Amino acid sequence: MSFLSKSLAVARKETIAELRTREMVFAVLVFTILVIVIFNFTAGVDQEVIRAAAPGLLWATFSFSGTLSLNRTFVREKENGCLEGLMSCPASREVIYVGKVLSNLLFMLVIEIIALLVFTLLFNIYVLSPPLLVITVLATFGFATVGTLFSGLSANTKAREMVLPILFLPIVLPVIIAAVRGSEQVLAGKSWAGLSPWFQLILAFDAVLSVVSFLVFPYVIEE
Amino acid sequence: MEYFLTATAIIWAVVFGYVLFIIGRQRKLRQEIESLKQLVAEKQKNTR
Amino acid sequence: MKGKESFKTAGLVVALLLFMWALYMIFIFVPTEATMGISQRIFYFHVPLAWLGLLGYTLVFFGSIMYLWKRRSGWDNFSSSAAELGFIFTTLFLISGSLWAKPAWGVWWTWTPRLTTALILWFIYIAYLTVRFYASEKQQGARFGAVVGIVGFVDVPIIAISTSLWRSEHPGALVFQGGLTPEMTFGLMVSIAAFTVLFVYFLAIRTSLKQQEMEVERLRELVEQDQ
C-alpha cells in the first residue's frame with residue numbers, strides 16, 4: 001500500500017468512528033451555532049457595524065469550534081488506549097499524522113460549511129462566495145496541520161485538552177489574521193489585487209507549517 | 001519624562017531581580033552539594 | 001573550575017561596564033529627539049529588548065533541534081534557559097513599547113502589525129513555557145518543549161520583518177532610513193551591545209546552573225539509593 005492509501009485508510013477509520021458515535025459532530029455543531037448567535041447579539045442591530053465585524057466574528061467562530069473539534073481525535077484514543085494499538089500496526093507515525101489531519105480537515109470543513117450557511121441566514125450577509133470558500137479551506141488546512149500536531153501533544157500532558165488552545169493558537173494566529181483580512185476584502189467586493197497578499201500569506205504559512213508539523217509529529221508520540 | 005524614568009526603573013528592577021534570583025539558586029545549589037557531601041561521608045563511615 | 005570562574009567574572013565585569021557606558025549614552029550623550037522629546041529615549045531600551053526577544057526564540061529553536069537530534073540534556077537546559085530569558089526580555093520589550101506609545105501616540109496599545117506580531121511572539125513564549133510546566137515528566141517536558149520550540153519559530157521571521165512589510169505609524173526602520181543622527185545610532189549600538197552581552201551572560205549562567213542542579217539531583221538519587 002502506498003503512503004497515500006495508508007493515510008486515507010486512517011482517515012476513513014477516523015471518519016467512520018465519528019459517524020458511528022456522532023458524539024462530537026453534534027456537540028461541535030450546536031456549539032458553533034450558539035457562538036454565531038451570541039456574536040449576533042454582541043454585534044448589535046446596525047447593519048454597517050455588522051458588515052464591518054462579520055469577517056472577524058466568522059473567524060473567531062471558526063477558531064473556537066475548530067479548537068473544540070481538534071480535541072476529539074487523541075483524547076478518545078487516549079481514553080481507550082487505542083494509540084498504542086495504532087502505532088503497533090505497520091503504518092508509520094507519519095501515516096497516522098496525515099490520516100488524522102485529513103479526517104480533522106474534513107470534520108472542520110463540514111462544520112464550517114454549515115456555519116457559513118447559518119451565518120448567511122442570521123447576519124444577512126452572503127458569505128458563500130467562491131473566494132471566501134477558498135480562503136476558508138486554505139486557512140482551515142493550516143489550522144488542521146498544526147492543530148492535529150498539538151492535540152496529539154496536549155493529550156499527553158497533565159492538563160490534557162485545556163492546554164491545546166494555549167499551544168497552537170498563537171502559532172496559527174498569522175493564518176487567522178490573514179484569513180480575516182482576506183475575508184474583509186472579499187466581502188467588500190474588492191478585486192484580486194487586494195486579496196492576493198493575504199492569500200499568498202495563508203499559502204506560505206500553510207506550506208511551511210504543514211511541512212514542519214509533519215516532520216515533528218513522530219517526536220510527539222514516541223514512547 | 002516620567003514614562004522614560006518608569007521604563008528605566010522597571011527594566012533595572014527586573015534585571016536586578018534576575019541577578020538576585022540567580023544568586024539565590026546558586027546558594028541553594030551550594031547547600032545541596034554540602035549536604036550531599038555530608039551524606040556521602042556518613043555512608044562511608046557506616047560501611048567501615 | 002578555576003578557568004570557568006575567572007571567565008564568569010570577566011563576563012560579569014564586561015557586562016557591567018558596557019551597561020554603565022550604555023546608561024551614560026542613553027541619559028546624557030544622545031541628543032533629545034525633536035518631535036517626541038525625552039520619552040523617545042525609551043527607544044534605546046526598546047530596540048535591544050526587541051532584538052533579544054527574537055534572538056531568544058531563535059536560540060530556543062536551535063537548541064530544540066539539537067536536543068531532538070542529540071538527546072543531550074545540556075541542549076534542553078540551553079533551550080529552556082533561552083526561553084526563560086527571551087520571555088522576560090519580550091515582556092520588557094512590550095512594556096517599554098507601551099510606555100513609549102502613551103506619550104508618543106496617546107494610546108497604550110494599537111493593533112498595528114508590528115505590535116500584533118510582537119504580542120504573538122509573547123504568546124508563543126508562553127506556549128513553550130506552558131508545555132514544559134504541564135508535562136507529566138521531565139523527559140516529556142523536554143521533548144514537547146522542543147516541538148513547540150521548532151513549530152513556534154515558523155512565526156518568528158514574520159515577526160521580525162513585519163515592520164518593513166506593512167507601513168504603519170510605527171517608527172520602524174528608522175535606523176536604515178537615516179532618520180537618526182550619528183550620535184543616536186552610536187548610542188543605540190552601545191545599548192544593543194550592552195543588553196546582548198547581558199543576555200548571553202545570563203544565558204550561560206542559567207544554563208550551567210540548570211546543568212549543575214540536574215547533576216546534583218542525579219547524584220543525590222544515587223547516594224540515597226544505596227541506603
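Leaving aside its neighbours within four places in sequence, with which residues is C:Leu54 in contact? The residues are C:Leu121, C:Val156, C:Ile159 and C:Ala160, where contact stands for heavy atoms within 4.5 Å.

This is a predicted model, in which local features need pLDDT of at least 70 and side-chain atom pairs count only at pLDDT 80 or more, whereas totals for chains, interfaces and linings use all residues. Residues are numbered from 1 along each chain as its sequence is written, chains are lettered from A and ligands numbered from 1 in the order in which they are written, and side-chain values use heavy atoms, with hydrogens and water left out.

C:Leu54 is found in helix 2 of chain C; helices (H or I, at least four residues) and strands (E, at least two) are DSSP runs, numbered from the N terminus. C:Leu54 counts as buried because its relative accessibility is 17%, the classes being buried under 20% relative accessible area, exposed over 50% and partly exposed in between, with a 1.4 Å probe and protein chains only. Between the C-alpha atoms of C:Leu54 and C:Leu209, which lie 155 residues apart along the chain, the separation is 23 Å.

Chain B has one helix and zero strands, and its C-alpha trace spans about 70 × 5 × 5 Å along the principal axes. Of the 48 residues in chain B, 21% are buried. The accessible surface of chain B comes to about 3,500 Å², with 60% of it belonging to carbon and sulfur atoms; such areas come from the Shrake-Rupley method with a 1.4 Å probe, and for residues only the protein chains shown count as cover.

Chain C touches both chain B and chain A, and the table sets out the area buried at each interface, that is, the accessible area (1.4 Å probe) that two parts lose on being put together, summed over both.

| Interface | Buried area | Share from carbon and sulfur atoms |
|---|---|---|
| Chain C and chain B | about 2,800 Å² | 81% |
| Chain A and chain C | about 2,300 Å² | 79% |

At the interface with chain B, 35 residues of chain C are in contact with 26 residues of chain B. On the chain C side, C:Phe202, C:Val216 and C:Arg220 lose the most area to chain B, together 18% of what that side buries. The rule finds two salt bridges across this interface, each a side-chain nitrogen of Lys or Arg within 4 Å of a carboxyl oxygen of Asp or Glu. The side chains of C:Glu213 and B:Arg25 meet in a salt bridge at 2.9 Å, N to O. Helix 1 (2-29), helix 2 (43-70), helix 3 (73-105) and helix 8 (182-225) of chain C are the elements that give two or more residues to the side touching chain B, and helix 8 of chain C gives the most, with 13 residues. By class, that side has 23 nonpolar, three polar and nine charged residues; Ala, Val, Leu, Ile, Met, Phe, Trp, Tyr, Cys and Pro count as nonpolar, Asp, Glu, Lys and Arg as charged, and the others, Gly among them, as polar.

At the other interface, 28 residues of chain A are in contact with 26 residues of chain C, and the rule finds zero salt bridges. Helix 6 (130-154), helix 7 (163-187) and helix 8 (192-221) of chain A each supply at least two residues of the side that touches chain C, and helix 8 of chain A gives the most, with eleven residues. The side of chain A that touches chain C has 23 nonpolar, three polar and two charged residues.
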